[in-house]
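Let's take a walk through this protein chain together. Have a look at the sequence and the model first, then read on.

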Amino acid sequence: GLRWITSCCSTSDMSKRRTRSAEGKSESAAAVESKQDQENPQQKKRRTKHDANADSESPGGRMSGKPKRQKSKSAWTAEEDSRLIEAVRAFSCPECKSIFRSDCKCKTFSCMKTWKTIATKVKGQRTAGACQGRWNTHLDPKLDRSEWTEDLDSRLLALYKDPNTNTWQKRARALSKPGFRRSGADVASRYFFLVKKKRG
């Protein structure tokens with residue numbers, strides 16, 4: 001008899017606890033709904049957008065916290081190089097065939113060439129900056145590819161301290177052989193190599 005009474009009391013206590021728990025959850029849900037109803041339209045829109053983004057991040061609807069990996073830039077192909085060369089030459093001076101205004105000797109270079117315009121001729125996903133970088137560091141026929149010497153290294157270190165040559169392009173121009181040009185990227189790479197070598 002005593003065991004039966006104890007069992008009944010335990011069952012009754014469990015039922016009461018479940019009832020109180022259910023009532024507490026209902027009150028919490030009601031409080032959340034009431035708070036959401038009091039939000040202005042802009043807050044609701046912001047919260048809805050956040051919930052949608054959270055659902056799209058992971059199957060469980062929780063933010064994964066891991067940044068998405070960006071696809072690495074693809075290497076230039078021979079076909080793209082060919083299109084870039086053709087596009088650059090298409091805007092050359094009609095008289096002396098100079099590719100850039102600074103190289104024009106007849107002073108008739110009037111074409112409004114921009115790398116943005118050239119990028120549209122290359123087609124694909126190449127930007128104006130990518131086309132300019134590819135030409136200046138790889139494809140320019142006047143690119144100075146001569147070996148670095150101790151004299152050039154000394155001049156480079158001096159040019160870096162000179163306020164009149166405060167860009168890599170200006171330093172590259174000062175270090176280039178007559179009729180040729182070093183790329184700013186090549187000069188910058190050489191400078192940081194020398195600094196690293198000096199530090200040991």
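## A look around the chain

The accessible surface of the protein chain comes to about 15800 Å², and 52% of that belongs to carbon and sulfur atoms. Keep in mind that this is a predicted model. What is the chain built from? Of its 200 residues, 24% are buried. Among contacts with a separation of 6 or more, 47% link residues 24 or more positions apart.

Now for a pair of helices. Helix 7 (residues 168-175) packs against helix 8 (residues 184-199) at an angle of about 90°, with the axes 8 Å apart. That angle makes helix 7 roughly perpendicular to helix 8. Here is who makes the contact:

| Helix | Residues in the contact |
|---|---|
| Helix 7 | Trp168, Arg171, Ala172 and Leu175 |
| Helix 8 | Gly184, Val187, Ala188, Tyr191 and Phe192 |

Sorted by class, this contact has 7 nonpolar, 1 polar and 1 charged residues.

Next, find aspartate 144, in the loop between helix 5 (128-139) and helix 6 (150-161). Is aspartate 144 buried or exposed? With a relative accessible area of 4%, aspartate 144 counts as buried, because buried means under 20%. The side chain of aspartate 144 makes a polar contact with the side chain of serine 146, at 2.7 Å. Leaving aside neighbours within four places in sequence, aspartate 144 is in contact with Leu175, Ser176, Lys177, Phe180, Arg181 and Arg182.

Definitions and conventions. Residues numbered from 1 in each chain as written. Predicted model: local features only at pLDDT ≥ 70, side-chain atom pairs only at ≥ 80, totals over all residues. Heavy atoms only, no water. Axes fitted to C-alpha atoms, helices over the stretch in contact; angles between N-to-C directions. Helix = DSSP H or I, 4+ residues; strand = E, 2+ residues; numbered from the N terminus. Parallel < 35°, antiparallel > 145°, perpendicular 65-115°, else oblique. Contact = heavy atoms within 4.5 Å. Nonpolar A, V, L, I, M, F, W, Y, C, P; charged D, E, K, R; others polar. Buried < 20%, exposed > 50% of the residue type's maximum accessible area, 1.4 Å probe, protein only. Areas by Shrake-Rupley, 256 points an atom, 1.4 Å probe, with all protein chains shown as cover. Polar contact = N/O pair within 3.5 Å; in protein donor to acceptor, adjacent residues only side chain to side chain.
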